[in-house]
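Please keep the sequence and the structure in view while reading.

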Amino acid sequence: MAKSIMRRRAIVFDLDGTLVDSAPDLVATLNNVLARRGRAPIPAEAVRAMIGNGARALVLCGLEASGGLLAPAEIDLTVDEFLAHYEAHVADLSRPFPGVVEALTALAQDGCVFGVCTNKIERFSVRLLEALGIAHYFAAIVGGDSLAVRKPAAGHVLGTLARMGAARAGAVMIGDSSNDIAAARAAGLPIIAVSFGYTSVPAAELGADKVIHHFAELAQAVAELA
């Protein structure tokens, strides 16, 4: 049984591929805008490895993988179309990963406070979490456009902690990618990686302090980092 988590411990979560399996809606949106340009769809597994650096980066990866980049104005238009479509379909198929709600509930009862630090646009992040009924767990939801910096910059994580009203001491980050590990390290936080996220590199090779395979393991992992 996990030892008690210190009261008011701050936990900063990545969103896509960590808290929420959002890939189905991102895949559908990317392939929608590619189809408008006569491009063939990209397989879901390939798109999953492209997620994590924001919408524009995902569109650029999709274009490169499906036939090459377009002229700058066409890229901008494609990004705008992606954002419009995604905003309307942000939670059609996306769902929290198994055990997320139970883990958040248990950790909150133990005195933890939560924040989200994601490179996804803030309004989309809020909309997604609200649609899934879990936004109320988070003291702050900080997107890729919320601050002057974004992951892997330390300031994105530290800015999230500031908006949570939490100190860095005792805080921990949960993520699924090299961006999350780099951001946590830069901010001086221990990092727990999930093994089911969106990365082409196995979680065990990302250099996290701990790796979990299900959210049922999260409380124990956090406690062991106290």
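A residue is called buried when its relative accessible area is under 20%, exposed when over 50%, and partly exposed in between, using a 1.4 Å probe and protein chains only. Helices (H or I, at least four residues) and strands (E, at least two) are DSSP runs numbered from the N terminus. The model is predicted: local features need pLDDT of at least 70, side-chain atom pairs count only at pLDDT 80 or more, and totals for chains, interfaces and linings use all residues. Residues are numbered from 1 along each chain as its sequence is written, and side-chain values use heavy atoms, with hydrogens and water left out.

## The sheet

Strands of a sheet pair through backbone hydrogen bonds, either parallel or antiparallel. Here two strands count as paired if DSSP finds at least two bridges between them. Six strands form an open sheet in the order β5-β4-β1-β6-β7-β8, with parallel pairing. Its edge strands, β5 and β8, each pair on one side only. On average, neighbouring strands of this sheet are turned by 20° against each other, direction ignored. Such angles run from 0 to 180 degrees between N-to-C directions, and the axes are lines fitted to C-alpha atoms, for helices over the stretch in contact.

In β1, Ala10 and Val12 point one way while Ile11 and Phe13 point the other way, and all are buried. β1 pairs with β4 in the parallel sense over four bridges. β1 also runs parallel to β6, joined to β6 by three bridges. The parallel pairing of β6 with β7 has three bridges.

The table lists residues that stand opposite each other in these pairings.

| Residue | Opposite residue and its strand |
|---|---|
| Ala10 | Val113 in β4 |
| Phe13 | Val116 in β4 |
| Gly175 | Ala193 in β7 |

## Aromatic pairs

Rings of Phe, Tyr and Trp (its six-membered ring) pair if their centres lie within 6.5 Å; planes under 30 degrees apart count as stacked, over 60 as edge-to-face and the rest as tilted. By this rule the model has seven aromatic pairs. One of them is the edge-to-face pair of Phe13 and Phe114, with 5.8 Å centre to centre and 65° between the planes. Phe13 lies in strand β1 and Phe114 in strand β4, so this pair ties together parts that are 101 residues apart in sequence. Both Phe13 and Phe114 are buried.

Another pair, Phe196 with Phe215, is tilted, at 5.9 Å centre to centre and 45° between the planes. Phe196 is in the loop between β7 (191–194) and β8 (210–212), and Phe215 is in the loop between β8 and α9 (218–224), so the pair joins parts 19 residues apart in sequence. Phe196 is buried with a relative accessible area of 19%, and Phe215 is buried with 2%. Ring pairs also link Phe13, Phe114 and Phe138 into a cluster.

## Helices and loops

Two packed helices are described by the angle between their axes and the distance between the axes. How do α3 and α4 cross? The axes of α3 (residues 55–65) and α4 (residues 72–88) come within 10 Å and cross at roughly 120°. Contact means heavy atoms within 4.5 Å. The residues in contact include Leu58 and Leu63 of α3 and Ile75 and Phe82 of α4.

Gly67 is found in the loop between α3 and α4. At 64% relative accessibility, Gly67 is exposed. Gly67 and Ala40 are 27 residues apart in sequence, and their C-alpha atoms are 8.8 Å apart in space.

In helix α7 (residues 154–164), the buried residues include Ala154, Val157, Leu161 and Met164. The buried residues of α7 pack against β1 (10–13), β4 (113–117), β5 (138–142), β6 (172–175) and α8 (178–187). α8 itself lies across β6 and β7, running at about 170° to β7.

Most residues other than glycine have a negative phi, and most peptide bonds are trans. Just after α7, Gly165 takes a positive phi of about 75°. The peptide bond from Lys151 to Pro152 is cis, with omega near 20°. Pro152 lies in the loop between β5 and α7.
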